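This briefing is for a reader meeting the structure for the first time. Please look over the sequence and the model, then read the points below.

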Amino acid sequence: MTPDYPLLARQLGALLDTRDWLVNSAQTCAFLMQELPDLNWAGFYLQREPGLLGLGPFQGKPACHPIPFDKGVCGAAARTRQTQRVADVHAVDDHIACDADSQAELVVPILAGDRLWGVLDLDSPLRDRFTAADQAGIEALVDVFVEQTDLE
Ligand code: SME
């Protein structure tokens, strides 16, 4: 069953009561890990140098760092600025396996104006975990994060 994303958006909006990117990104990935079923990793990668994603706040196992824009599902999201919804990560040639449990992945780019600030990466141990409705709902949660955060 699809989670009640409008409710989650209101709850996340109430949770993010600072404008601080570090606090808000830490709270957001903890919130997603608690509230969304069947995730094994939820976190942020930040563009702190051009063309490179550095690991940010996350929940889950220790992860890969850094990820260049030309590698992996996260790199594709950063490069194309399009959400990447992958039903089966093993079908993606350059998928970067950080956690062997991961089967499906959703990566949403995060823009600060016209600059790519980073990406939100969600991994699931279930194949086909993310539907189009999940993608839309999670993109709306990222919008809440962006609206309520001063992105440096
Ligand atoms: N699988 C990602 C790497 C990040 S981890 O999943 C946390 C990718 O292919 O970009």
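**Helix α2 and its surroundings**

In helix α2, the buried residues are W21, N24, S25, T28, C29, F31 and L32. Seen down the axis of α2, these residues fall within an arc of 160°, so they line one face of the helix. The model is a predicted one.

- An α-helix has 3.6 residues a turn, so residues three or four places apart point the same way.

Cover and length of α2:
- Among the elements that cover the buried residues of α2 are α1 (5–15), β1, β2, β6 and α4.
- Helix α2 has 15 residues (21–35), which should span 21 Å at 1.5 Å a residue; the end C-alpha atoms are 21 Å apart, so the two values agree.

The sheet:
- An open sheet is formed by six strands in the order β3-β2-β1-β6-β5-β4, with antiparallel pairing.
- Strands β3 (67–68) and β4 (84–86) stand at the edges with a single partner strand each, so one side of each has no neighbour in the sheet.
- Strand β2 (residues 52–60) runs antiparallel to β3 and is joined to β3 by two bridges.
- I67 in β3 is the bridge partner of L53.

Helices across the sheet:
- Helix α3 (residues 72–80) lies across β1 (41–49), β2, β3, β4, β5 (104–112) and β6 (115–124), at about 35° to β5.
- Helix α4 (residues 132–147) lies across β1, β4, β5 and β6, at about 30° to β5.

Annotated region:
- An unreviewed UniProt entry carries the annotation "domain: GAF" for residues 7–151.
- Over residues 7–151, the chain is 34% helix and 29% strand, and the end C-alpha atoms are 24 Å apart.

Methods
Residues are numbered from 1 along each chain as its sequence is written. This is a predicted model: local features need pLDDT of at least 70, side-chain atom pairs count only at pLDDT 80 or more; totals for chains, interfaces and linings use all residues. Side-chain values use heavy atoms; hydrogens and water are left out. Two strands pair if DSSP finds at least two bridges between them. Helices (H or I, at least four residues) and strands (E, at least two) are DSSP runs, numbered from the N terminus. Contact means heavy atoms within 4.5 Å. Axes are lines fitted to C-alpha atoms, for helices over the stretch in contact, and angles run from 0 to 180 degrees between N-to-C directions. UniProt positions are given in the numbering used here, feature names are shortened, and annotations may be inferred rather than shown by experiment. The expected span of a helix is 1.5 Å times one less than its number of residues. Buried means under 20% relative accessible area, exposed over 50%, partly exposed in between (1.4 Å probe, protein chains only). The arc is that of the directions from the helix axis to the C-beta atoms.
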